[in-house]
Amino acid sequence: MDTISIKINFAKFGVSYFNIKELERVVNSIESPHGFTYCDTLNITDDYLTIKVSYPRYFRGINAYLVKSSFECLEVNRNLVYNLENVLAKLYLKIISIELIRVDIPFTYLIPKEYIENGKGFASYEKVFRILAHAYHYSRRGKSIATDTKGIIDMISASIETVNFNLTKTSGGNAEITIYNQYLNIQRKTSDINMFDNYNTIYPDLRQRIRIESKKRIRRKSLTSMEFANFNILKTYGDERKKFLLAHLFNKKIIEDIYNNFFIELDMSYKQFLFTHNGRINYTAWIHSNENLILDYQIVRRVLVNNIYNQSTLESAITAVRKELKFIEDRGALILNVSKIIDDMRNCIKNYNFDYSAQEEIVLGKQDISMGIAQDIPNEPLDEYIVEE
């Protein structure tokens with residue numbers, strides 16, 4: 001669990017005016033029993049405020065901490081309600097209802113250590129992200145005229161840092177997916193070098209982490225404070241977000257179709273190259289003229305097998321091609337065994353385990369307050385229907 005956005009509808013009692021700046025300050029200053037602030041005010045009007053709540057920050061002050069249990073999520077919910085009711089009461093405000101408007105559920109894939117040791121980190125997965133962008137686009141075309149699949153790069157190093165998949169041109173859209181370099185993300189958020197070194201000690205796999213966040217805009221009826229405090233959000237949306245990723249980002253059938261499309265284009269380019277050069281082929285020249293189509297070594301191999309019928313000639317061609325692709329891979333610190341990596345990522349998502357068990361008693365501040373048993377609230381009719389892979 002990463003973050004949620006909620007709308008808190010409130011009413012005034014005994015006053016006609018309240019200090020908006022003071023309300024923003026006290027909400028942003030809410031601390032967990034662990035000593036960390038975890039709320040950010042997004043908007044305040046005369047009768048409601050919207051805030052963003054970070055579950056990892058509640059426990060460790062940073063989202064490097066992985067929240068994977070309903071018990072932890074419920075602790076955050078209940079502490080939040082407890083503190084909100086207190087700080088609003090001091091300003092003569094009372095919570096009427098709470099609306100869940102957005103849920104961000106993260107999944108973490110670890111880059112193999114040997115890749116990191118050989119200088120192949122997040123940016124080296126560029127061709128993986130291109131295949132996933134195509135998969136998202138083709139799986140979502142029925143929802144939009146065109147999807148918005150973009151990567152954010154460092155203009156100096158030219159290395160990719162974040163990839164966004166969305167149906168709209170702006171962030172915050174429904175069914176948005178963000179993939180980013182969590183090591184770099186936390187490094188940039190941390191101004192103290194010693195603190196960042198400490199994070200790397202606490203989270204030794206930080207450099208390996210690829211963060212995949214599935215974001216969902218929620219349409220459902222308002223909840224009372226008590227209902228929200230006991231709402232098992234992770235159980236309600238965890239598996240649904242997993243199914244969404246498997247259906248729209250790691251869909252096997254769609255990815256097979258994408259590979260076939262690239263194979264057809266690369267096969268045509270091979271035949272055209274042979275025709276242009278009177279049946280002779282320089283593999284180095286052919287490969288470099290088609291780097292945009294070479295997303296995976298397996299695609300290149302299929303082209304060679306489809307066009308070379310002499311076994312000895314085929315083996316020589318494969319050797320020459322592998323040598324040149326290795327050069328491209330090392331030169332650009334790329335990874336070309338894309339199909340294997342996508343399979344690994346798909347299995348990581350499919351086998352990702354959340355702990356949905358929950359207990360009744362949660363520590364809030366310095367008190368033990370029983371707020372009821374966790375509720376699994378069914379999806380409202382307007383929630384998006386997710387088709388399994």
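Which residues lie nearest the centre of the second largest pocket? A few points on that and on two other spots, bearing in mind that this is a predicted model.

1. Take the second largest pocket to begin with. Tyr 297, Arg 322, Glu 329, Leu 336 and Asn 337 lie nearest its centre, out of 14 residues in the lining. The space in there comes to about 280 Å³.

2. As for where that lining comes from, α12 (297–307), α13 (311–331) and α14 (338–350) are the elements that give two or more residues. The largest share is from α13, with four residues. Sorted by class, the lining of this second largest pocket has six charged, five nonpolar and three polar residues.

3. Now the largest pocket, which holds about 550 Å³ of space. It has 28 lining residues, and Asp 2, Lys 52, Asn 63, Tyr 180 and Lys 189 are the closest to its centre. Strands and helices both turn up among the elements giving two or more residues to the lining, including β4 (93–110), β8 (209–217), α6 (182–189) and α7 (193–202). By class, you'll find 12 polar, 11 charged and five nonpolar residues there.

4. The crossing of the two is left-handed.

5. Who touches whom? On the α9 side the contact uses Lys 242, Leu 245 and Leu 246, and on the α14 side Arg 346, Ile 349 and Lys 350. Those contact residues divide into three nonpolar and three charged, with no polar ones.

Methods: Residues numbered from 1 in each chain as written. Predicted model: local features only at pLDDT ≥ 70, side-chain atom pairs only at ≥ 80, totals over all residues. Heavy atoms only, no water. 1 Å grid on protein atoms, 1.4 Å probe; cavity = no way out; pocket = protein on both sides within 12 Å on 5 of 7 lines; lining within 4 Å. Points joined across faces, edges and corners; volume = space filled by probe spheres on them. Nonpolar A, V, L, I, M, F, W, Y, C, P; charged D, E, K, R; others polar. Left-handed = near helix turned anticlockwise from the far one by under 90°. Contact = heavy atoms within 4.5 Å.
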